[in-house]
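User: Could you walk me through part of this fold? I'd like to start with the strands and then look at a helix contact.

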Amino acid sequence: MKEIALIGNPNVGKSSLFYKLTKEEVHIGNWPGVTVEKKEGVYKYKDEKFKVVDLPGLYSLSSEGLDQKVAIEYLTKNKPDLVVNVLDATILGRDLYLTLELLDLGISPLLVLNKVDKAKELGIDIDIERLKRELNLEIVPISVLKNEGLDKLKEKIYKLSREKKEVNFKYSKEVEDKINKKIEELKNKGFKENLRFLATKELEDIIIKERYKKIEEIVNKCVKYKKKGRDICELLDKVFLSKYGYLCLIPIIWLMFKFTFDTSAPLVDFISLIFNSLSTYIKSFGSNFLINLLADGVVNGVGTVLSFLPILTFMFIALAILEESGFFPRIPYLLDRVMRKIGLPGEASIPLIISYGCNVPGVMATRVIRDKDDRVITAIISPFIPCTARLPIFAFFIALFFKEYEGFLLIFFYSLGLIVAIALTLILRKLIFKKPPMEIILELPHYNVPNINLILRNTWFRVRAFLYKASTIILLGSILVYILTYPNPENSISHYLGNILSNFFIQGWDWRAVVSLIYGVIAKELIVSSLEILYKGSFNFTFASALSYLVFTLLYFPCVATLSTLKSEIGWKWALFSMFVSVLVAYLISSIIFLVLKWGGF
């Protein structure tokens, strides 16, 4: 089996090409030892099978981010049979920088010039044959969106993967002399591999200028721009990226959430009905430990997992539409100045916005963040953003205890979560992650009409990845809670545990309130049903204890689905750290609020 690596800048259509080549034979995981997503797929052409590895989207091999380290390590150690470098025909000059770095790394890639149809629309005429001669590389023009040139690409991959082509690309004589001199110095120091690339890194200031000079020469020779009317992208960016762009962002994000939750609500109810009916049916066979474990532990556990699916699916569809349209990459650009003031890069705005809908895709979305430290911080603070699963708890308590303060309290709770997330970010920056957030490096893509097939395919792989990572832990968690409450809540380990833990709280919560918080680890909505079942309508909360309870549910560590996603994205160490910090913060703030209200006579 031949191994093919896809590499390219973000938003060039590389991942879309990956899915077009591999269809359904795709495996998604993480690269060994890091949280960077790894996508592998397989396709067959003629008599050969091809394993395709989709490397992270990156602008340069010279940066210090995780994505760059993963790409360089793979390219130098795995040595694939062919590297396919995907470029955007509408912004060829930008994308050629990575191509020159690959050449310096000793790799002769096959260049795939995507979006040639869009380039033609914009009046960009690329002389493909001249470009081949300038770079001494094979080039295949394609349009992934319109399925143009894919058969020619497969044929070219089939042919070149069987050949070994030497790199034949040079800079000016003056620069080449300096590179050769540096290579000799590296040899004398004992270096044996990737000598040219290492030499160019040590001569970085000279090489960067030389690369851009070379790119300018190539573009001037190979690309002609026909004068056309004002580009629609230019007009849209005058609105979206102006100082009033925030006013455009708010309704777009609101529509995304409305689409997600309004569309998914009937399906969530339908899935819950199916699993409740199945649980009831299983219980009709009798009442013993195994039957009840199957009904309440396994079936309800699976139901909990699947109840996330409609929300996740429609959230991912909405995100894919924003990505394919070209609007999504503009959000970090628009919010970068604000985010940097609180110690986060602009890229962190996307996971935090998504977390208001659901913390699970919010944590998963931290993959868009290039720097490891920035990614870990964003993942840790994302669960403090109040997701919609907490809304039933707010509504339940407000209806019982705080009707006259309804509007104020909802604003208070949503603001409190964000304020705590910001404060924790500043503390983490001061104590643990001391370097400033990474500067935003972003080439804004052209706006496009979203392709429905690509949207559905991207959504499917994201949903499948969530199920693969989260389902086992959630199922085991559900079974564990059932065992802890067997044979009934009043005569169970949960009762005993609740009584012990209630002694640590000064808010006067009894074992039923405390154990409901434990059930809320499975899913936050379970807190409401647990309180209803255990108190049977006779609640013994005061104003102060009820409000502090609400604050605790807002801030303490997230549901099992989010916890398992944290583990997958940033590892157990930081997932457990997030859990510990959230409980500590929830305890301190809820206790302070209780004491203040109590002293105030509430």
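User: How many bridges join β1 to strand β5?
Analyst: Five bridges join β1 to β5 (residues 82-88), and the two run parallel; strands are DSSP runs of E of at least two residues, numbered from the N terminus, and two of them pair if DSSP finds at least two bridges between them. The bridge partner of L6 in β5 is V84. This is a predicted model, where local features need pLDDT of at least 70, side-chain atom pairs count only at pLDDT 80 or more, and totals for chains, interfaces and linings use all residues. Residues are numbered from 1 along each chain as its sequence is written, and side-chain values use heavy atoms, with hydrogens and water left out.

User: And which residues of β4 stand opposite E3 and L6?
Analyst: E3 stands opposite K51, while L6 stands opposite D54; β1 (residues 2-8) and β4 pair in the parallel sense over five bridges.

User: Why is β1 largely enclosed?
Analyst: Six of its seven residues are buried, so β1 is largely enclosed by the rest of the structure, where buried means under 20% relative accessible area with a 1.4 Å probe, protein chains only. Strand β4 (residues 48-54) is mostly covered, with five of its seven residues buried.

User: Switching to helices, which residues of α3 make the contact with α9?
Analyst: G93, L96, Y97, L100, E101 and D104 of α3 (residues 92-104), with contact meaning heavy atoms within 4.5 Å.

Key:
Buried means under 20% relative accessible area, exposed over 50%, partly exposed in between (1.4 Å probe, protein chains only). Helices (H or I, at least four residues) and strands (E, at least two) are DSSP runs, numbered from the N terminus. Axes are lines fitted to C-alpha atoms, for helices over the stretch in contact, and angles run from 0 to 180 degrees between N-to-C directions.
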